[in-house]
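The sequence and the coordinates are shown first.

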Amino acid sequence: VGDDAVEHQQGAPADASPSRLSRALVAAAVLGVLGYMTFTAFGFGIEARRAPLVVGVPATVLAAFLLFREVRGTEGRSAAEESLTTTPGAADLSESLNLGADVPEAEGTSVPNVPSPPTSAPSTEQLSTWGAMLWIAGLSALFLATGFLWTTLLFPPIFMWFYGRERWTVIAITTIGVFAVTYLFFIVVLQIQVYRGFLGLPDLEQLLF
Amino acid sequence: MFDGMLEGLAQLTPEVFAYMILGIIVSTIIVIIPGLGGLFALAVMLPLAFTLEPVQGIAMLVAVSVVSGTGNTITSVLFGVPGSPGGVASILDGYPMARKGLGARAVAAGIGASVVGGLVGAAFLAVLLPVMRPLVLALGAPEFFVMIMIALIFMAYVGQGSLLRSIVAGGLGLMLSFVGLEQSTATQRFTFDVLYLWNGIQLVPMMIGLFAIAEMIELMKQGGSISQTGAKTSMKGQVGQGLRDVGRHWKTTAQSSATGLWVGIAPGMGDAAAQFIAYTQAARSSKHPEKFGTGIVEGIIASDAATNSKEGGALIPTLAFGIPGSSSMAVLLAAFVAFGIRPGADMLVSNVHIVWMIIWILVFGNLIAGLVCLSFIKPFAKLTTVRASVLVPPILVICLFGSYATTNNIGDVWVALVFGLVGYLMKVYGYSRATLLIGFVLGELLERNYLLSMRLFGLEFLLRPITMGLIALAVFILAWPVIRRTYRSLRRPKGAGSGAPPAETDTSEASQDRP
């Protein structure tokens, strides 16, 4: 698979194929978590520490070995390459772009039934990894500040407008639909007491009904 | 026996049947919502059940309980959003198939396997009725400990790409399962004095994060729709093809149904454990284990057949001893008692018609649930062609609600969001999310059964006959590729083996022998 072709498709070189440094950093983070948990487990009582140590010590050793291999660049292929060769959807993508990836066929799947070129992947919707994660961070912040109901009412239109440039009719219908379904199911039927956010915005139920 | 069968069938009057169908429909709708599983559906239906006649109420509750695994398949496969822990393993192969535009086929195969699994569970429940007692007593903590160990050993088969990363992810999952209060001494482990963590990390928000939110991040990043073939996806014939797949892979269906049944008998093992144990076994015994997790229909069949057959198994200790095989069976048991029916040996003598009615409900309930879910496939599958900009917000909002709804704890929402980011990073960097979740699900069970075994038998628990049999079987399975290779090299005539062996034969052997 040509890296250039992958980068062109994904629109973000760093996302298409994680660098050796970033892979090593992730492996170091995993080692850090496992090492910390194992080290902490030594302080537990004999019954409580048995299982964490039995698992933690070999897992930490393996994580250290993994880090060593990631630093040397000898651990497997990059995740992006794997996704191109193991994810059937991605396989279609590479097929359609003539990237020449080694495409595994889902067992018993009749590939001729599947039209190969992707037709609904407008480039305007593609984001970098950081962009996608920022949306999740934004959702978390909105939720923390305004609570469930305001988030249900605010997040869909914001996302649809800024991410997809959807028409206002689509935005309105989707937002009202999502709000109505979640409100009816979770609040009216299941009577869940929802979190209302630290901003203390006016009670949406009282405003609307 | 036949008298009992007919008596049980006679209980299914039109009114009873109507309540059973109501239970099935409500259960199917509830389990589609992320985070709300069969237990939640049971809790919702309990108040209504107690206003009914005992037979009607029991029929409705049993129907709710036994078919909850069927509806799970729809959202797990099509959106990568598991309705409950019992739907996670279906994502591993189902979602990649949906990405390829084969979602309807994958769901149909899953539903078909669920129905067959449910019927197998019912059949075994009927057959095992007279011999339940010795069977249940023969299985204890040591046997389940060894069974879980075997599943963990085979865990690496589930991961794709780097074996080392998969094993490390599994180890991390196991370690995360130890977060919270230790069961026997109440020692706080890895809680950082956070009250929420005293109960450990909750499975439902964790799986919603690892799979649903991570997949939504991926979808945001890529744009387009879930089905990468977009609106041109042809669903024609996919449902029929999916159902035929179940017959074509009858060995996987039978093996996984048996596994689900076996796991169901063990109290407290849970849907997720049944699915993952069946899935790892199917991957291990497959001729092409490397394809598991890439969108292979056998993977969906294996996990879904186990989910519903487990319910038949869970009913065995519930009805025979009054020992619930799962949390939903505990609710069912409480309902039986409230209706004045006391499960246990007496029930098999004085209320045998109720036992047979339950078996019939297993049969009809699974068939009806299968038909209901099949009718949902096409509209749901069409949603996989909807643009990310329209699909992502509703799914994320419902995921947040679903994470929160089970325990009404805000900590669950944060767990879902954090594991969403963790899941996405794992996906990008090639760490298997499935092995992490298998480790997490089985870790707690492993520790509990190990401690129980040690307290009851000491290290001698390894010398119990069934335990030894299981260990021998595991060793044999692990050693089988080496044994076969050695046997074939010994059989090969001298001189023929010095050069490269015939390419075709060797390639196929190598692929089958892959550990």
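The structure discussed here is a predicted model. Chain B contains 23 helices and 2 strands. Of its 515 residues, 62% are buried. Among the contacts in chain B with a separation of 6 or more, 78% join residues 24 or more positions apart.

| Helix | Residues |
|---|---|
| α5(B) | 68-79 |
| α11(B) | 203-222 |
| α12(B) | 238-248 |
| α21(B) | 433-457 |

Helix α5(B) is largely enclosed by the rest of the structure, because 12 of its 12 residues are buried. The buried set runs from Ser68(B) to Phe79(B) and includes Gly69(B), Thr70(B), Asn72(B), Ile74(B), Val77(B) and Leu78(B). Just after this helix, Gly80(B) adopts a positive phi of about 70°.

In helix α12(B), the buried residues are Gln238(B), Val239(B), Gln241(B), Gly242(B), Asp245(B) and Val246(B). Viewed down the axis of α12(B), these residues fall within an arc of 165°, and they therefore line one face of the helix.

Helices α11(B) and α21(B) pack at an angle of about 175°, and their axes lie 11 Å apart. An angle over 145 degrees counts as roughly antiparallel, so α11(B) is roughly antiparallel to α21(B). On the α11(B) side, the residues that meet α21(B) are Leu203(B), Met206(B), Met207(B), Leu210(B), Phe211(B), Ala214(B) and Glu215(B). Their counterparts in α21(B) are Arg433(B), Ala434(B), Leu436(B), Leu437(B), Phe440(B) and Val441(B). The residues of this contact comprise 11 nonpolar, no polar and 2 charged.

Which residues of chain B does Glu47(A) touch? Glu47(A) lies in helix α4 (residues 46-72) of chain A. With residues up to four places away in sequence left out, Glu47(A) touches Glu182(B), Ser184(B), Thr185(B), Leu451(B) and Arg455(B). With Arg455(B), the side chain of Glu47(A) makes a polar contact, side chain to side chain, at 2.6 Å.

Definitions and conventions:
Residues numbered from 1 in each chain as written. Chains lettered and ligands numbered in written order. Predicted model: local features only at pLDDT ≥ 70, side-chain atom pairs only at ≥ 80, totals over all residues. Heavy atoms only, no water. Helix = DSSP H or I, 4+ residues; strand = E, 2+ residues; numbered from the N terminus. Polar contact = N/O pair within 3.5 Å; in protein donor to acceptor, adjacent residues only side chain to side chain. Contact = heavy atoms within 4.5 Å. Axes fitted to C-alpha atoms, helices over the stretch in contact; angles between N-to-C directions. Parallel < 35°, antiparallel > 145°, perpendicular 65-115°, else oblique. Nonpolar A, V, L, I, M, F, W, Y, C, P; charged D, E, K, R; others polar. Buried < 20%, exposed > 50% of the residue type's maximum accessible area, 1.4 Å probe, protein only. Arc of directions from axis to C-beta.
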